[in-house]
Amino acid sequence: EVILDGYKDINPAKPYYEYEKWQAVWEDLPARVPGSLTDGHGLTSYRIVEKIPSGYVQVDKAAGTKPGTAYGETVFTNSQKTSVTVEKKWSTVSPDEMVPVTVSLWRSTGEPGDGSSEPVADGDGGIMEAVLSGKDISDPSWSVTFSDLPKYNEEGEEYVYYAREDAMPGFITVNSDSQKDDGTFSTIIRN
């Protein structure tokens with residue numbers, strides 16, 4: 001195990017250490033380890049796994065060969081994480097008029113709904129969404145929290161997260177988007 005702290009290890013005591021800022025190396029690994037997973041040439045296949053620090057989410061992992069060498073390289077990209085809570089509030093409707101609603105998650109590096117807005121993809125490449133429904137106005141099922149969302153994009157710009165409800169005929173929708181003091185987001189959708 002190599003613990004990266006952003007400081008090069010000056011006199012490493014083990015064959016694995018932080019050799020440059022935020023970069024680890026494992027030296028003198030055996031080419032063949034009995035009983036291990038091997039490649040097509042009978043050589044041991046090694047795998048690097050990162051323990052993601054609390055408060056962060058992994059946004060990218062790329063494996064390949066370090067440029068100009070024959071050495072394998074794995075690059076992990078992490079971002080602080082955040083969340084957005086979406087709450088559906090009904091106004092002047094009876095419980096039998098409250099129908100399930102679908103909300104989709106969006107993000108921007110500017111303002112909600114501006115030209116930099118984009119839908120947030122789920123694990124299957126579709127739009128991250130949730131269906132909200134409940135028996136009456138006080139039912140907690142009219143709320144959902146999307147969590148483990150990257151706080152920043154690859155350029156280091158902070159995302160603004162918000163949700164939107166699919167259009168419902170006969171209803172006017174008012175959205176209230178906010179960022180809380182703890183860095184998380186909230187959208188209240190009213191009809």
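Residues are numbered from 1 along each chain as its sequence is written, and side-chain values rest on heavy atoms, with hydrogens and water left out. Because the model is predicted, local features require pLDDT of at least 70 and side-chain atom pairs count only at pLDDT 80 or more, while totals for chains, interfaces and linings use all residues.

Side chains of opposite charge can pair when their charged atoms come close. The structure holds 6 salt bridges, a salt bridge being a side-chain nitrogen of Lys or Arg within 4 Å of a carboxyl oxygen of Asp or Glu. One of them joins glutamate 1 to lysine 51, with the closest N and O atoms 2.9 Å apart. Since glutamate 1 belongs to the segment before strand S1 (16-20) and lysine 51 to the loop between strand S2 (23-26) and strand S3 (56-65), the pair ties together parts that are 50 residues apart in sequence; strands (E, at least two residues) and helices (H or I, at least four) are DSSP runs numbered from the N terminus. Glutamate 1 counts as exposed at 63% relative accessibility, and lysine 51 counts as exposed at 68%, where exposed means over 50% relative accessible area, buried under 20%, and partly exposed in between (1.4 Å probe, protein chains only).

Another salt bridge is formed by lysine 89 and glutamate 87, whose closest N and O atoms are 3.6 Å apart. Here lysine 89 is partly exposed at 29% relative accessibility, and glutamate 87 is partly exposed at 32%. The side chains of glutamate 165 and lysine 88 also meet in a salt bridge, at 2.7 Å from N to O. This pair links distant parts of the chain, with glutamate 165 in strand S9 (residues 160-165) and lysine 88 in strand S4 (residues 72-89), 77 residues apart. Both glutamate 165 and lysine 88 are buried.

In soluble globular proteins, nonpolar side chains tend to be buried together. In this model the largest nonpolar core has 20 residues, and those with the most contacts inside it are Val84, Val86, Trp90, Leu105, Phe146 and Tyr161; such a core is a set of buried Ala, Val, Leu, Ile, Met, Phe, Trp, Tyr and Cys residues joined through side-chain atoms within 4.5 Å. At least two residues of this core come from each of S4, strand S5 (101-108), strand S7 (129-132), strand S8 (143-150), S9 and strand S11 (185-190), and S5 gives the most, with 3 residues. When neighbours within four places in sequence are left aside, the contacts of tryptophan 90 (heavy atoms within 4.5 Å) are Glu97, Met98, Val99, Val101, Ile137, Trp142, Met168, Phe171 and Asn191.

Threonine 82 is placed in strand S4 and is buried, with a relative accessible area of 5%. The side chain of threonine 82 reaches the backbone oxygen of glycine 183 at 2.9 Å, and the residues in contact with threonine 82, beyond four places in sequence, include Ser147, Asp148, Tyr161 and Phe185. Glutamine 58 lies in strand S3 and is partly exposed, with a relative accessible area of 29%. The side chains of glutamine 58 and glutamate 50 are joined by a polar contact of 2.9 Å, defined as a pair of N or O atoms within 3.5 Å in which, within protein, one must be able to donate a hydrogen and the other to accept it, residues adjacent in sequence counting only if both atoms are side-chain atoms. Not counting residues up to four places away in sequence, glutamine 58 touches Glu50, Ile52, Phe76, Thr77 and Asn78.

Most residues other than glycine have a negative phi. Aspartate 28, in the loop between S2 and S3, has a positive phi near 55 degrees and is exposed, with a relative accessible area of 77%. Aspartate 148, found in strand S8, has a positive phi of about 60 degrees and is partly exposed, with a relative accessible area of 43%.

The largest pocket has a volume of about 1,600 Å³. On a 1 Å grid over the protein atoms alone, a pocket is an open set of points where a 1.4 Å probe fits, with protein on both sides within 12 Å along at least five of seven lines, and lining residues have an atom within 4 Å of a point; points are joined across faces, edges and corners, and the volume is the space filled by probe spheres set on them. The lining comprises 35 residues, of which Ala24, Val25, Trp26, Ile48 and Thr74 lie nearest the centre of the pocket. S2, S3 and S4 are the elements that give two or more residues to this lining, and S4 gives the most, with 6 residues.
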